Structures are given as C-alpha cells and as structure tokens.
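Q: I have a structure to go through and I'm new to it. Can we talk it over?

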Amino acid sequence: KIDSKKQRLEMVKIVDSTISEIRLMSNALMPSVIDDFGVGAALSNFVDSVKQYSDIDIEFEDLTKTEGSNITKNQEINIFRIGQELINNALKHSHAKSIRMTLSEFDNFISFFYFDNGKGFDINTVKLGSGIINIKERVEICDGDIQITSENGMTTFEIEIPIKDESN
C-alpha cells in the first residue's frame, strides 16, 4: 500500500502514460478505423499523425468508395501496412521533402500510387531489411502487381490489386 499522496499521484501518472502509449502502439499495429471507416480513412489518420512530427510535405488522396466498397479486410490490412512501410522507409532513408500517395478503388481493382522526391535507391542492391521485400510480399499475398521506379529525386511505387467478386 502506498501511503504518500505524492507517490500515488506519480504512480497514476505513470499508469496513464503507459496506457496512452499502449493505445498508440496498438492503433499503429491495427487501427480500429479500418474496421469502422476503411483503409483510406486509416491511411489518412496515419499520414496526419506522421505530419505532426515530420517536416516532410505528405499528401494522401483517398479515392476509395465510401459505400459499397468491395475491398476485403485482408486487402485493407495489407494496403495499410504497405502505406506505413512506404512512409517509414521514406522518413528513415530517402531525405525526401515531399511524398504523394493516392489510393483508388475501381470496380475490378485497387490502385495504390506512391511518389517521393528523395535520393532513391538501387532496386537490385536494396537490403532485405529495408521493407521493400515486405511490400512485395504483401502485394503478392493479394495477387497484385507492383512496379517500382527509383532514381535520385524520384521514387514511385505503382501497385494494382484485383478485387475479386466475393459473391461467386
């Protein structure tokens, strides 16, 4: 039992900040926004949170369907992770001043376009831990196609993922 009021208040503060930290971490792992509002909203929130601590100019355009979307939960999770990975890679490695992302949903496929104006990388020598492999694997899991172009001043990822008609 803690007798000192000061110690008790200090403990409450520590517990509160721990809870906040856990909430932030779990939200970063799997935002509930995906379930409630879809992957576009989840990526918008992620971009907004990154903008608060980064001076990179990031723009994200969400062109997913607000109603009647056919993007599966699995696709949403993978697309969200890909977006996170792309931004985290840019923050860590690219020295980019500007990032542009567009997520579009069409009847038969999802298009995810990423651009940054950083220093680029050599696709053939990029290290396994860089996240690029992770991104490629996530695209493969979704039966999608990915095109990566990278040179100094311009890196793009163009990802297309088919939307399968779940009713058949």
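Q: How many residues lie between strand 4 and strand 5 in their hairpin?
A: Two residues lie between them, and Gly153 in the turn has a positive phi of about 95°. Strands here are DSSP runs of E with at least two residues, and helices are runs of H or I with at least four, numbered from the N terminus. The model is predicted: local features need pLDDT of at least 70, side-chain atom pairs count only at pLDDT 80 or more, and totals for chains, interfaces and linings use all residues. Residues are numbered from 1 along each chain as its sequence is written, and side-chain values use heavy atoms, leaving out hydrogens and water.

Q: In what sense do strand 4 and strand 5 pair?
A: Antiparallel, over seven bridges; two strands pair if DSSP finds at least two bridges between them. Glu151 stands opposite Met154 in strand 5.

Q: And what is the strand order in the sheet?
A: The open sheet has five strands in the order 1-2-3-5-4, with mixed pairing. Strand 1 (57–63) and strand 4 are the edge strands, each pairing on one side only.

Q: New topic: which ring does Tyr114 pair with?
A: Phe157, edge-to-face, at 5.8 Å centre to centre with 80° between the planes. Rings of Phe, Tyr and Trp (its six-membered ring) pair if their centres lie within 6.5 Å; planes under 30 degrees apart are stacked, over 60 edge-to-face, the rest tilted. Tyr114 is in strand 3 and Phe157 in strand 5, 43 residues apart.

Q: Is Phe157 buried or exposed?
A: Buried, because its relative accessible area is 3%; buried means under 20%, exposed over 50%, partly exposed in between (1.4 Å probe, protein chains only).
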